[in-house]
Amino acid sequence: MHPKTPVGPLNRPHRMDLQAQLKAAIGQAITTIYGETVTDITLQPTKKEFEGLYTFVTFPLTKALRKSPVEIGQTIGQWLQENTDVVSRFNVVQGFLNLSVADSVWTDLLTALRTETPAPAHRGSVMVEFSSPNTNKPLHLGHLRNNFLGESVSRILEANGFDVVRACIVNDRGIHICKSMLAYQKFGQLPDGTWETPESAGLKGDHLIGKYYVLFDKAYKAEIEQLVTEGVDKEKAEKQAPLILEAQAMLRRWEQGDAETVALWKQMNEWVYAGFDATYRKIGTHFDKTYYESQTYLLGKEVVEEGLQKGVFYRKDDNSVWIDLTAEGLDQKLVLRSDGTSVYITQDLGTTDLKFNDFKNDRSIWVVGNEQDYHFQVLFSIMRRLGRPYAEGCYHLSYGMVDLPSGKMKSREGTVVDADDLVSTVTEAARTAADEATKGKVDEFTADEQDILFQMVGLGALKYFLLKVDAQKRMLFNPAESVDVHGHTGPFIQYTYARTRSIMRKAAEQGLAIPAELPAVSFHPSEQQLLFLLSQYTQRVAEAGDDYAPSYIAQYAYELAKTFNQFYADVSILNEPDARMLTVRLALTDLVGQTIKKAMGLLGIEVPEKM
RNA sequence: GCAUUCGUAGCUCAAUUGGAUAGAGCACCUGACUACGGAUCAGGAGGUUUGGGGUUCGAAUCCCUACGAGUGCACCA
């Protein structure tokens, strides 16, 4: 919190923090005029249709001061104008006091924003778990939303002073992998007697394994159908089909460590991981730590034991172990089966302990879809009941499903959008868009440079499309809109960045330099708007960190780009005859470019020098 | 049925966390010194914020209720 500081030319809050300056001034005005102390003064940006930058709402003061909202506004406004050098003008509309800021303050602000980049205070460490793929099929659109969110939140937290451990828990065991393995055993041999590999098939490893998963499903369905025509009812048929029995048998062999089964499992997983790695590299994410469920699925039983001793859990007559969470508004929940084997939550209890023991993080975040909201409520409640000191630092970053215009994505119906295919599609769309742009700079690029650019722009479009929406909301993925480069899109922001860079290059060619201390000028409204947005960057990053919300940053980056383009249309930069004005506008342009780059960086989106 | 999330322009999303006449983009019209980069900008049209109550000086936001949608309610993961 900012200490109460006298307002005046000699001593006032930091010049970078315009809001704090104004708040302090208003606080002092109220104290001086009315003899009252108001602790939380809130300001809001002034609506566009009124003159002013920040608005102070006086309605809440009417009771304490026993004056009309208008009178309070007039009095405070008058005082601020006369007694501070921050407020240059003011107007009052009902209970709204609109304050305009003096040019000198703007100059100070721009200077400070350009020269002072305070590093965030160290806030501790956090683990962000995301992606969490299954090893039986390639990544799809849903994973992309998850990955982009996880990567972006990681970067936002780093910007807020956290050390981040990116963690991935791979679901590499279970019946679904056995299905792929079994199909491979049955159908993987080629006519020449050799066995199919990613190389011989010309497929990424994850896609090859996905292919066999589909083959299993087809053959399995055929068996069910056959049984049904023989008069078996469907439910029974699903359980009796030879293929599913074989897959279950294979899972048992795997659990017993059967050499041949484990060897096949390892081989197939290697292929899958190679495929995943390629995708992760392409979309620009990596993990500091990967946990494999094959190594963690037996964890958690000692936690159950501990819970029983502490009386947090109880054992039923049939030997199963439960926890009663009705006091928290939840249900009774099974934590260990009657045969002593684990359920999903048992494993998570163990894995959570493992994660905190491994890295001693202050916080831990799970980026997992909202169908698991209840699971995480239960998990965190149990951790609190067990007295885990880290329980309060646990957070489920829950996100909504991605729908297609045709409806839900369903792997069984083949409506899943494949991640690799999608990346290729958006990259090609960027190429097409560049062809259509009348004044793009891609002609200056080599073929390789173009490939890099189109991937950057395509991924920019895709990432921005998925990140601009509030994570918790279910969203509609419209393929046509996701590759759009106009309007509220990633490429629009990338374009704006390229524009700022183009101007800065030209300025450098002309030998124009920007001095550390900027000359005094009078600011155009669109310049004030830009400066205002620039001054809010740090705060928006902090809010995005507090709420784990990349969408805040996405919205901000768009606003900034849009405002810059307005500014660009309103005034001349390099053609400005007044040298002082030109200098200030260059400084603004430069700062906008840097800020766009930083903001997009927090989203995991790169920006090009030219496009 | 119970729990939970959500419902804003034709469509996709915002709304500084309770503030002014609810804002952007797409789509649709109209315009911008052959351009400091037109992948841009300006303007027009488009709304009973699902309906109905309540709290408040003030509600898209908080409470209640009805309707509609998603998700979860396995000794699956």
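How many salt bridges are counted between domain 2 and domain 3? The count is two, a salt bridge being a side-chain nitrogen of Lys or Arg within 4 Å of a carboxyl oxygen of Asp or Glu. Let's take a walk to that place and a few others.

Before you start, note that this is a predicted model, in which local features need pLDDT of at least 70 and side-chain atom pairs count only at pLDDT 80 or more, while totals for chains, interfaces and linings use all residues. Residues are numbered from 1 along each chain as its sequence is written, chains are lettered from A and ligands numbered from 1 in the order in which they are written, and side-chain values use heavy atoms, with hydrogens and water left out.

**Stop one: the domains**

Colour chain A by domain: domain 1 is 18-101, domain 2 is 124-289 + 354-412, and domain 3 is 419-602. These bounds come from an automatic or database domain assignment.

Show domains 2 and 3 together. Between them they bury about 2800 Å², 64% of it on carbon and sulfur atoms; buried area is the accessible area (1.4 Å probe) that two parts lose on being put together, summed over both. Now select R145, F148 and I156, which supply 22% of the area that domain 2 buries against domain 3, more than any other three residues.

Next, pick K204 and D420: they form a salt bridge whose closest N and O atoms are 2.6 Å apart. Then select α5 (141-159), a helix (a DSSP run of H or I, at least four residues, numbered from the N terminus). With eleven residues, α5 gives the largest share of the side of domain 2 that touches domain 3.

**Stop three: N361**

Select N361, in the loop between α14 (344-359) and β11 (363-369). Is N361 buried or exposed? It counts as buried, because its relative accessibility is 7% and the cut-off for buried is under 20% (exposed is over 50%, partly exposed in between; 1.4 Å probe, protein chains only).

**Last stop: A569**

Finish in helix α21 (residues 550-570), where A569 is found. A569 counts as exposed, at 63% relative accessibility.

Note on methods:
Helices (H or I, at least four residues) and strands (E, at least two) are DSSP runs, numbered from the N terminus.
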